[in-house]
Amino acid sequence: MKLRKQVTVCGGAIFCVAVFSLYLMLDRVQHDPARRQNGGNFPRSQISVLQNRIEQLEQLLEENHQIISHIKDSVMELTDTGAVSPSGHLPFRSANGSWVLPFDRRPTYLAIKSQDCQFASVSRDQTDVQMLDVYSLLKFDNPDGGVWKQGFDITYEANEWDNEPLQVFVIPHSHNDPGWIKTFDKYFTDQTQHILNNMVVKLAEDPRRKFIWSEISYLSKWWETAEPQKQEAMRKLILEGQLEIVTGGWVMTDEANAHYFAMIDQLIEGHQWLERNIGVTPRSGWAVDPFGHSATMPYLLKKSNLTSMLIQRIHYSIKKHFSSTRNLEFMWRQAWDTGSSTDIFCHMMPFYSYDVPHTCGPDPKICCQFDFKRLPGGRINCPWKVPPKPIVEANVAERAQLLLDQYRKKSKLYRSKVLLVPLGDDFRYDKSLEWDQQYINYQKLFDYMNSHPELHVQAQFGTLTDYFNALYKTTGVAAGSRPADFPVLSGDFFAYADREDHYWTGYYTSRPFYKSLDRVIESHLRGAEILYSLAVATARHEGMEGRYPVTDYSLLVDARRAVGLFQHHDAITGTAKENVVIDYGNKLLRSLIGLKRVIINAAHFLVMKNRDFYRFYQTEDDRRATQDALPQRTLIELDPAGPRYLVVFNPIEQERLCLVKVLVNTVRVRVLTEDGQTLPVQLSAQWGSATQMSAEVFQVRWRNQISFFWSILEGSDTQKCLFRIQLKRRKIRRLVNSLFTGLLESIKRKDDSKEVKVQIQFMVYGTSPSKDKSGAYLFLPDGKPKVFPLPPVVRVVEGPLFSEVVAHYQHFEQTIRIHNVPGVDGLSIDISTMVDIRDQSNKELSMRLSTDIKSDDIFYTDLNGFQIQPRRFYQKLPVQGNFYPISSQAYIQDSRHRLTLHTAQALGVTSFESGQLEVIMDRRLMQDDNRGLGQGLKDNKRTENRFRLLLERRSFGNKVSSSVSHMTSAILNHEVLPLPVVPKRRGIPPLKTFAPLMSKFPCDFHLLNLRSIQNKVRRHGLTPSPYTALLLHRLALDCSIEAQNLGFNCTTTQGQLNVSSLFKNLDLQLLQPVSLTLMYSSTPLANHSTISLDPMEISAFKLKLR
């Protein structure tokens, strides 16, 4: 009764303060002298100010209403549970069995403006080509097309080019994988450096020669050791247009598994390197080898000010359809775009591959004869048994006619009379001889064609932008604009199949250990970037530049490049040789160690009360012994002689109410806040196996509201172990677990009478019995999966802060955990699955969710963590053709519910039946799948796959995420980092909470990065400039999903943000809009300006903070 009275009094006091505050605000508006003087004649500016103030008051009323509701609910809950502590201490168990925790003194509100909900429901113009419709239209059969096996016979009339000659641009290129069969460094030593050295010499021999280059990771490595005259020669070739840098990313990124943070970061790293060293800005995108293409990539290129792009690996049935309708060139528009602001011109290559036999025209037998590296006597030849011939005066007419026939047939697939013909392959032009073979023979062919007007052709070497510029000129439009009658397309190009039923859907999951490690490092990189930028700016502001270790910047650069390298389409995909994977892993581990150092240094600097005493005091939150080892948490050894200090870093831009976990050496422990308040904790066992507990190490968790704070841990003689072996219920939901399987069966929300079936099963796929089997790239199963056998050992733990069920099976261990935390952390189910299939042969393990949600054949997957793409299960496709990549989430829904599976690592997913989601967890395959790797997948690791399962109520259909869903993804992918402070003999200097934001971040804004820009003066080396790049992403919200308490104050601002009032104790001296990769600058804004972003928009700004 005493507790109930205290809560009621507290709630009443807050209510009175809220009402009185509103009264004062209204009184101030009514009695403003300026308004009295003007009477009823308000200038427009005054009306605008008045409207804004009215809106602010409306928002304050809504926020106070929610606070009062929060208090009322808390009081009612305490009343319902009969919450009277027999001892007067909290937490305790009430009469009905639920846990009662201390009253949350910081009620929160959710105030999303109605205008910020319109994006999800607004109607959009239909594009000419929607990929989901194309999939519904096609039969996906594979009839023999003749010489073009996957296509059709192409014919033309001889006079078609009489009025407008055919323009042909032959584009020499060399595709250099930054790791695949060899490591990055081995490829560079053996081949790439020779290609670049030859390029400088051979292009200079004839100004008509052209070449394109893509991978900046290799170019930067070559540049480091190249003599100044070679550097200048390359710079001259680029500036004069003989050599073009295409895309300009650190790598040619994978587009299925890569997260948009890393896709952007590797693009920035490449473009910034080009700007510093060469002074060139890429104009065209080139992606010939990623295994399918995401709609995210055209958006990122457009935001980087590229005007055109090229793609290649697309399902052969789609290529055939686009060829027959002459839709191979189109404006690629984002599905969520209400206009045409995201359009970028895209060229799709029509044939099987980007090698020479499949690029000059439809007949590879003829095209191979024009790959002059295959001349008799060389190391490679033509599989069609007809070799190339050197071009001489006696045969030039015949050879030119033969080649022109292929050019003309290929051009019939496009709408203009400008033709693009790539000339290259993997690691081509590494020998000086090949440069001569290709360029000299082709120049003879061009000279003959161009000197015979009756052929009506103009052929030349060109760069990619040469081709696009000619096309724009011919069609009479500006660069990047839509030519008349060219279609507009929306959607993506997954899944990819190159022939028959060979779908490249296995790599969505291949080597999941490294996919998971990549995401951990991405989170550390983002956190380190933000902390480092804030620490450096704070040091400048306080005149302490010499006190803070700015040399840590080199660690940031190394990590950017290691993460960038791993986005390569044979790295994060899990499709490289085993020794190459180890090399990637070692690079990633080194970068992770460096990032932890940056985070520790910056965090400690920022939380010190007196920074004059700054020293290194902290240790890491965890360590990895080797590149393929799981992390081991740091053990905090408590001593009754004195407390231990802990700095906890929250990497996301919003405050979060969540559980913090550390390992300690005693069951007697308490946790104190900065102001000395004791927090409720839950201790639990550290398990060495399914049935063995450690007697020396224990887990301790506590609940706290975190922006950036430090806590004190100390030994205690009174605190007892709060956990027991039982699972009953929690505040928000009740889980029903099968006692036989230990796996989830259903979910029941406390506020919903209906129990929703959500059954988890584990399934096993075998591989096809035919000669073509699953491998690193391909998924070729032996039919539908079988249920995983054998009963498990089940362990159940219950406590006031969390409860969990752990099911130990032979090859995996799944933990289902629920958190008794108000807000986002308590609204979803935490699922962790430790997978170990190292003793299996040709098996693939999947997790299936079966529900009674009526989703029919529709499900939704994310693209790169950036946007949502609707999918449909097609009976006409084989099992493997219905899988799609997910980087962050997949969901199913009906008119009542949406069930979202959030993931912390990229995997492959499908929905075989209504109400189902199925995700592949790991794959162990004993053979190569004949795509060039030459190995199976036999280097599996013990891997933790982490998920959050979110069940939401809904009212109508949209294709964007709710605010709860956005935040759930954020907390899953950006865990808090607890950093123990090493005890010192002289004691720990005074620490204080560091909260960098002056005001709350709008909850539909995501701080994508705060990236210190490198000094452009090369002699200064890897040091930061005074400038910082602020990257923001405005999230699109689905307000048809019920609004729930997020655990923090959530407001939206119609896309408005005042940057000058964003950071506490820092002065904004420059605010300049820039392109996504910082290469193009707009006019600086006034420092006090408010910036504006549309939903889904990513924008970048150059700041000077001091």
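Start by selecting L1078, which is buried because its relative accessible area is 10% (buried means under 20% relative accessible area, exposed over 50%, partly exposed in between, with a 1.4 Å probe and protein chains only). L1078 sits in the loop between strand 49 (1068-1074) and strand 50 (1090-1092); helices (H or I, at least four residues) and strands (E, at least two) are DSSP runs, numbered from the N terminus. Check the backbone here: phi of L1078 is near 75°, a positive value in a residue other than glycine. Most residues other than glycine have a negative phi, and most peptide bonds are trans.

A word on what you are viewing: this is a predicted model, in which local features need pLDDT of at least 70 and side-chain atom pairs count only at pLDDT 80 or more, while totals for chains, interfaces and linings use all residues. Residues are numbered from 1 along each chain as its sequence is written, and side-chain values use heavy atoms, with hydrogens and water left out.

**Another positive phi, and a cis bond**

Now select D485, in the loop between helix 15 (464-475) and strand 14. D485 is not a glycine, yet has a positive phi of about 70°. Is D485 buried or exposed? With a relative accessible area of 64%, D485 is exposed.

Move on to F494 and A495, which are joined by a cis peptide bond with omega of about 0°. A495 belongs to the loop between strand 14 and strand 15.

**Salt bridges**

R871 lies in strand 37 (residues 867-872) and D492 in the loop between strand 14 (488-490) and strand 15 (497-499), so the pair ties together parts that are 379 residues apart in sequence. R871 counts as buried at 3% relative accessibility, and D492 is buried too, at 2%.

Next, pick R848 and E918, whose side chains form a salt bridge at 2.7 Å, N to O. This pair links distant parts of the chain, with R848 in strand 35 (residues 843-851) and E918 in strand 42 (residues 916-924), 70 residues apart. R848 is buried at 12% relative accessibility, and E918 is buried at 0%.

R208 is partly exposed, with a relative accessible area of 43%, whereas D206 is buried at 15%.

Then select D371, K373, R374, R428 and E434 together: they are linked in a network of salt bridges. How many salt bridges does the structure hold? There are 54.

**Two crossing helices**

Two packed helices are described by the angle between their axes and the distance between the axes. Show helix 6 (residues 184-204) and helix 7 (residues 216-225), whose axes come within 10 Å and cross at roughly 75°. Axes are lines fitted to C-alpha atoms, for helices over the stretch in contact, and angles run from 0 to 180 degrees between N-to-C directions. Helix 6 is therefore roughly perpendicular to helix 7 (angles under 35 degrees count as roughly parallel, over 145 as roughly antiparallel, 65 to 115 as roughly perpendicular and the rest as oblique). Among the residues that meet are F184, Y187 and F188 in helix 6 and Y218, L219 and W222 in helix 7; contact means heavy atoms within 4.5 Å.

**An enclosed helix**

Finish with helix 19 (residues 963-973): 11 of its 11 residues are buried, so helix 19 is largely enclosed by the rest of the structure. To see what surrounds it, show the elements that the buried residues of helix 19 pack against, including helix 16 (512-541), strand 21 (656-664) and strand 43 (943-953).

Now zoom out. The protein has 19 helices and 51 strands, and of its 1106 residues, 63% count as buried.

Note on methods: A salt bridge is a side-chain nitrogen of Lys or Arg within 4 Å of a carboxyl oxygen of Asp or Glu.
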